[in-house]
Amino acid sequence: MNVIGKSVIRKEALEKVTGIARYTNDYTLPGMLSCKKVISPFGHARIISINAAIAEKMPGVKAIIKGGPHLPLIGESVRDQPLIAYEKVRYHGEPVALVVAETPAQAQNAANQIKVQYELLPVVNSPTQAFQKSAPLIHERLSEYKKDDVSFPVPGTNIATHYKIRKGNMDKGWAESEITVEAHYSFAQSDHAAMETRCAIAEILPDGIINITTSSQAPFMVKRLIADYFGEDEGKVVVRTPLVGGAFGGKAATQLELFAYLASKAVGGKPVKVFNGREQDIITSPVHIGLDAKVKIGADLSGKIKVMEIGYWWDGGAYSDKAVDVTRSGVVDCTGPYNVDNVWCDSYCMYTNHPYATAFRGFSHSELSFAIERTMDLLAKKIEMDPLELRYINAIMPGNTTPTRVLLNKSNVGDLQKCIGKLREIFKWDEGPIKQINERFIRVKGISCSWKTSTIDPDAPSGAILTFNRDGSINLMSGVVEIGTGTKTILAQILAERLKMDINKIHVRMEVDTQTTPEHWKTVASRGTFMGGRAVLEAADDVIRQLKEITACVLRAPIEDLEVANSRIFLRDDPSIGLDFKDVAYGYKYPNGNSIGGQIIGRGNYILRHLSLIDPETGEGKPGPEWTVAAYGVEVEFDKRDFTYRLVKAVTVIDIGKVMNDKAARGQVMGAMSMGLAFAGRETFYFDDLGRVLNAQLRTYRPLRYGENPEYLVEFVETPQLDGPYGARGVGEHGVLGMPGALGNALSVAAGVSLHNLPLIPELIWKAKENQ
């Protein structure tokens with residue numbers, strides 16, 4: 001191939017490295033106002049009164065918006081969330097009022113003067129506590145909420161939804177098991193910590209057009225939900241998304257866009273900007289989900305797994321929103337990438353008095369993988385088996401079935417055993433997992449595996465439009481949002497490969513505009529290249545057909561004899577006879593002035609095929625199109641005296657199907673590995689007894705800092721996915737997935753104690769040793 005697999009420079013690279021790239025907060029409209037939020041200082045409290053008398057009289061204040069039954073309940077799955085809290089607040093940081101003023105400072109000063117009187121209520125501070133029958137109810141009217149057909153809230157409890165896997169015969173599985181291991185795991189919620197905090201701008205024009213500019217991964221969902229929640233004409237809602245400065249799932253939910261719409265409506269349609277500062281971005285907007293888990297595995301003495309019994313209790317926070325979908329995603333791949341004939345899994349989305357959860361890179365899989373991979377190491381230790389070999393003999397393979405009973409083949413699952421073999425080689429696993437440096441320091445290796453399918457809506461669409469310029473160059477328009485993944489560059493590579501043309505003659509529109517850009521469901525779930533790529537291929541074929549039709553008339557030759565390459569259409573057996581793209585891109589003009597054709601416009605769309613909902617009682621169904629598999633390794637240098645450690649090396653081997661852009665793919669995986677190590681090793685929320693987040697600043701919330709990253713090694717296995725564009729699978733999330741498990745396994749060996757909680761900070765390791 002000429003373009004696919006090559007390290008093509010990203011289309012938006014120059015804008016970004018020169019600093020001229022524009023993000024949502026860089027946009028300003030004439031007369032634009034600012035909106036600030038008044039937020040709850042408590043995790044659970046009844047609202048007694050809101051006094052805004054002083055704020056209303058302050059300079060520049062244009063409107064103060066309070067909650068109430070006149071505003072709709074919102075939520076993608078279960079309509080359980082007041083747009084602005086009233087009656088009571090359910091998490092620390094929940095908005096209780098909005099202030100619109102001429103400047104951000106005026107809005108914030110007025111917000112500070114609004115006095116809210118609260119009556120404290122009992123706090124539910126973990127999903128395990130929420131599951132207890134004696135736990136305070138967070139949603140007393142759960143049975144009254146509107147919901148979709150795939151959510152199953154349990155009224156009278158804190159269960160927002162419950163999904164099940166019932167595969168095989170558990171009695172048979174336990175009877176065949178000669179050895180069992182069981183363990184519990186737990187970790188709190190955390191933040192996405194994207195460089196760009198969330199921002200949205202709304203303006204309502206006199207003719208009723210609602211213009212929204214937002215840093216969103218899902219502009220078409222914003223359009224749909226504003227129309228749905230507020231009874232607006234969907235055709236009058238226009239959402240624009242410029243470049244997005246990182247998202248990692250945190251900008252898939254719709255929140256600030258709704259506040260901006262309300263604020264604009266309150267001031268007669270004037271443009272209003274809602275912008276999160278870092279602290280509010282951490283606690284007010286949706287967060288990374290937490291988890292309590294229980295895993296029990298039965299195997300024979302050869303290491304073959306016979307049965308798994310699993311419980312996941314997800315910390316969905318105060319409102320279900322996307323946490324319902326995360327809970328479902330967790331259940332369908334509950335076993336990790338292993339062939340298990342007998343599976344019983346319960347996956348609960350629990351209400352707590354924590355910030356509400358949304359998607360996070362990996363969509364439940366880095367979380368569940370930590371629990372599964374730590375238990376796999378416990379099994380390997382108990383039967384005195386090499387943990388990498390244990391994974392090799394149990395690896396999911398073509399001919400096996402998933403927990404939801406999808407029959408796998410070489411195309412839709414790839415080759416995990418090959419990934420494990422490559423990891424063994426480049427990680428130098430056979431040299432041994434432990435290397436003594438001196439009496440105080442040791443180096444220790446840990447490994448893990450993962451898999452992931454993409455549980456998106458079975459009718460999720462993706463479209464592409466191609467238009468020609470008079471010079472023969474092409475404009476590519478796709479609804480995929482450029483969130484830093486480089487996906488739109490890869491779409492240009494796919495187009496250049498299919499048309500056999502210079503990629504520099506393909507111009508990609510970065511901004512998404514829901515009025516003129518074809519829809520892409522959401523830029524989530526590693527679906528940009530897969531779905532957008534298929535749409536681009538169809539649009540390219542449409543263009544090729546039109547080019548050939550016009551050229552066939554001009555050359556008086558059969559369409560079948562024509563070939564397209566190098567921005568030309570020519571006879572395949574005599575390439576000297578042909579026309580350039582520029583000669584036919586706007587139709588062809590004969591010497592006498594007669595013309596045929598017109599501007600060539602190509603269109604393509606794609607929708608995932610044969611996906612189905614999962615059965616609510618058994619979990620049977622096809623939730624995703626394919627499973628990407630991977631193997632991982634992490635090496636640490638551990639201080640046995642004070643339990644500190646240094647990250648030395650991290651390795652990921654992924655069956656990517658087909659590498660589309662080598663450097664971009666490696667960069668994607670390395671960035672994801674860094675996120676996975678930060679999540680595993682330090683990132684977390686600390687809550688007090690009132691449900692308040694105690695570390696809502698980057699000074700106290702600790703992502704990996706410069707100089708703390710290990711050496712990253714990334715390699716790929718290529719087992720083409722037959723229905724993917726040029727055989728490619730999604731890879732945007734997969735570097736994250738195995739890092740927590742591999743780090744946990746390494747540190748458990750290093751410290752000589754089984755570690756079951758995240759983040760893996762020295763204090764946690766010390767406490768585990770003390771309680772051994």
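Two strands count as paired if DSSP finds at least two bridges between them. Strands (E, at least two residues) and helices (H or I, at least four) are DSSP runs, numbered from the N terminus. The model is predicted: local features need pLDDT of at least 70, side-chain atom pairs count only at pLDDT 80 or more, and totals for chains, interfaces and linings use all residues. Residues are numbered from 1 along each chain as its sequence is written, and side-chain values use heavy atoms, with hydrogens and water left out.

## Sheets and hairpins

Take the three-stranded sheet. Its order is S26-S27-S28, it is open, and its pairing is antiparallel. Strand S26 (562-565) and strand S28 (574-580) are the edges; each has a single partner strand, so one side of each is left without a neighbour in the sheet. From one strand to the next, the twist averages 35°. Four bridges link strand S27 (residues 568-571) to S28 in the antiparallel sense. Phe 570 has Gly 578 in S28 as its bridge partner. Helix H15 (residues 528-555) packs on this sheet and touches S26, S27 and S28. Contact here means heavy atoms within 4.5 Å. The direction of H15 makes about 125° with that of S26. Axes are lines fitted to C-alpha atoms, for helices over the stretch in contact, and angles run from 0 to 180 degrees between N-to-C directions.

A second open sheet has eight strands, in the order S3-S7-S1-S14-S11-S12-S13-S25, with mixed pairing. Strand S3 (61-66) and strand S25 (512-513) are its edge strands, each pairing on one side only. Within the sheet, strand S11 (residues 199-204) and strand S12 (residues 210-214) are antiparallel and share five bridges. Glu 203 stands opposite Asn 211 in S12. Helix H3 (residues 104-112) lies across strand S1 (33-39), S3 and strand S7 (95-101), at about 25° to S1.

An unreviewed UniProt entry annotates residues 18-122 as "domain: Aldehyde oxidase/xanthine dehydrogenase a/b hammerhead". UniProt positions are given in the numbering used here, feature names are shortened, and annotations may be inferred rather than shown by experiment. In the model, the end C-alpha atoms of residues 18-122 lie 52 Å apart, and the span is 13% helix and 37% strand.

Strand S29 (residues 586-589) and strand S30 (residues 595-599) run antiparallel, joined by three bridges. Tyr 586 has Gln 599 in S30 as its bridge partner. Five residues lie between the strands of this hairpin, and Gly 593 takes a positive phi near 100°.

## Cavities and a pocket

Terms come before values. On a 1 Å grid over the protein atoms alone, a cavity is a set of points where a 1.4 Å probe fits but cannot get out; a pocket is an open set with protein on both sides within 12 Å along at least five of seven lines; lining residues have an atom within 4 Å of a point. Grid points are joined across faces, edges and corners, and a volume is the space filled by probe spheres set on the points. Ala, Val, Leu, Ile, Met, Phe, Trp, Tyr, Cys and Pro count as nonpolar, Asp, Glu, Lys and Arg as charged, and the others, Gly among them, as polar.

The structure holds five cavities of 30 Å³ or more.

| Space | Volume | Lining make-up |
|---|---|---|
| Largest cavity | about 100 Å³ | four nonpolar, six polar, three charged residues |
| Second largest cavity | about 60 Å³ | nine nonpolar, two polar, one charged residue |
| Second largest pocket | about 750 Å³ | 16 nonpolar, four polar, 15 charged residues |

The largest cavity has 13 lining residues; Arg 198, Ala 253, Gln 255, Leu 256 and Glu 257 lie nearest its centre. Gln 255 also lines the second largest cavity, as do Leu 258 and Phe 259.

Of the 35 residues lining the second largest pocket, Glu 76, Asp 148, Val 150, Arg 328 and Asp 457 are closest to its centre. Helix H6 (219-230) and helix H9 (323-332) each supply at least two lining residues. The largest share, four residues, comes from H6.

## Backbone exceptions

Most residues other than glycine have a negative phi, and most peptide bonds are trans. Lys 500 has a positive phi, near 55°. Lys 500 sits in the loop between helix H14 (487-499) and strand S24 (506-508). The Leu 758 to Pro 759 peptide bond is cis, with omega near 0°. Pro 759 lies in the loop between strand S35 (757-758) and helix H20 (762-770).
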